[in-house]
Amino acid sequence: MPTHAPRTELATHTVFNQPDELGARNLFSTDVPLSEAALREGGADLAPRLASLGEAAGSERVLDLGADANRDAPELATFDRFGRRIDEVRFHPAYHALMGLAMDHGIHDVAWEPGRRRGGHVAHAAMLATFSKAEAGTMCPINMTYASVAALRAEADATAPWLTGIVGGRYDPALRPIAEKRGLTLGMAMTEKQGGSDVRANETRAFPLEGGGSRAFRLVGHKWFCSAPMSDGFLTLAQAEGGLTCFLVPRIAPDGTRNAIHLMRLKDKLGNRSNASAEIEYHDAYAERLGEEGRGVRTIIDMVHHTRLGTIAATLGLMGMALAQAVHHARGRRAFGALLVDQPVMRGVLADLAVEYEAACVLVMRVARAFDGADEAERAFARLGVALAKFWLTKRCPAFVAECMECLGGAGYVEENVLPRLYREAPLNAIWEGSGNVIALDILRTLSREPAARSAFVAELAGARGADAGLDAAADALIRSLSADPPGERNARFVAERMALLLQGALLLRHAPSAVAGAFVASRLRGDSGRLFGSFAGAVDVDGVLSRQMTSV
């Protein structure tokens, strides 16, 4: 970004009526809805750490790094110049700088720090959301590394070297045995061509490794998606004699050689350009069994559960940056004799977007607090809440970002602006870690199999009872329908959407200003609006809603 004022007097015209660059700022502290929700759910002691990350991520240097890392995508190097197979991905230096910054601030391990008693997962979610405003692609390996700890702890004695390298570790991209590294990252390689989300259809085979002990295997097969293929190891699923089993596959085998993981090609993705995703093959690759043979899904489910927290936090970050760009532009651009932000129709659009973002903030941070919970009620709420949030927020995000882009007009559609990158990124979190249909069906299964999760959801709604008659009526209707006749699969999406909206409404009524909560309940639950952002049909305190956004940019 320029360090001095550009020329505005040109030979043919004068440049005016253009907003200044929305440049360096604290991406956490200036975000009122996010900072309020994070500190409320995680504790005020988190404030210095979150503010420190917000300052670093919002600097001109890091914003430029985010642009550079996405402009120059990773490249696959299958062989070295002598023809030896190396299977490496080469990144722009900006990627490594961003990874180093993220791990220096502990986004990957803040939840697992020894002695932490409160707010670890809230801190992780808030930090990941904040960093995603500057650059979202690097948060994929960071989030997987964070989530892998949940699975590795199931066999802590066997995985102790990995846990030691993650918790307290710092970014070290060198390809070395894990004992020689400053820190470790882990990726995932689950899905195959023929199965996708149906991992039980996987055909990769696992064979006991002679003389290697009960945990050593060799893998043969392919994986259609391997996220972050330059990680130090991967959690993967393969068919052993006892059934589908989870394995930990290191990039360096115990004998010090490169493991037989062949990178066949990198995926040419719509977005998420800074982060590499690969199609890989295992050619008798060394692997260590993690968990019981035949119980692979159960072993990996804790990691998937935690990665879903990251997907909703990243979604929150995309929405926050898109909204900030829209509000900033509207405050600095005039049309038809007035600033855009003062035009009634534009104010309605911005207010509706702000209400959507406020509702996303309270939901993500409340779900993150449930991950920190020690009792069964909170753990049950976390299992259901993260699925509801992932289903709803990730579905809303693409339309949200598109509306923010339109607030900038043609300027928002040009690659010099950050919004095209946010728009390409927006659909991703709805697709990985369980697409919409998979998540909606997970919600139905949780409701039928886990009474504690259902009770926790009802209790959360009860916390707002009496605050708004519209919410009370909608909540009563849903609870009655769920009790009278368990929904079938065809109704899975409707149930998921309705539950998410009720949960957001209850949280806003408890924690948000009346202008925000009132606008949400009226437009999302009472039906006092159309189907597009800004189509309020009833009376909404637009000024009250927007006043909180004016301090965020």
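**Charged pairs and buried residues in a predicted model**

Arginine 170 has a relative accessible area of 24% and therefore counts as partly exposed, a class that lies between buried (under 20% relative accessible area) and exposed (over 50%), judged with a 1.4 Å probe on protein chains only. This is a predicted model, in which local features need pLDDT of at least 70 and side-chain atom pairs count only at pLDDT 80 or more, while totals for chains, interfaces and linings use all residues. Residues are numbered from 1 along each chain as its sequence is written, and side-chain values use heavy atoms, with hydrogens and water left out.

**Salt bridges**

- Side chains of opposite charge can pair when their charged atoms come close.
- The count comes to 38 salt bridges, where a salt bridge is a side-chain nitrogen of Lys or Arg within 4 Å of a carboxyl oxygen of Asp or Glu.
- Arginine 170 and aspartate 109 form one of them, at 3.9 Å from N to O.
- Arginine 170 lies in the loop between helix 7 (156-166) and strand 3 (186-189), and aspartate 109 in the loop between helix 4 (93-104) and helix 5 (120-134), so this pair ties together parts that are 61 residues apart in sequence; helices (H or I, at least four residues) and strands (E, at least two) are DSSP runs, numbered from the N terminus.
- Aspartate 109 is buried, at 3% relative accessibility.
- The side chains of arginine 218 and aspartate 284 meet in a salt bridge at 2.7 Å, N to O.
- That pair links distant parts of the chain, with arginine 218 in strand 5 (residues 216-227) and aspartate 284 in strand 9 (residues 277-290), 66 residues apart.
- Arginine 218 is partly exposed at 29%, and aspartate 284 is also partly exposed, at 43%.
- A network of salt bridges links Arg40, Glu41, Arg366, Arg369, Glu378, Glu460 and Arg510.

**Aspartate 31**

- Aspartate 31 sits in the segment before helix 1 (32-42), and its relative accessible area of 5% makes it buried.
- The side chain of aspartate 31 makes a polar contact with the side chain of lysine 133 at 2.6 Å, a polar contact being a pair of N or O atoms within 3.5 Å, of which, within protein, one must be able to donate a hydrogen and the other to accept it, and residues adjacent in sequence count only if both atoms are side-chain atoms.

**Alanine 38**

- Alanine 38 lies in helix 1 and is buried, at 0% relative accessibility.
- Leaving aside residues up to four places away in sequence, alanine 38 touches Phe28, Gly43, Leu50, Val122, Ala126 and Met365, where contact means heavy atoms within 4.5 Å.
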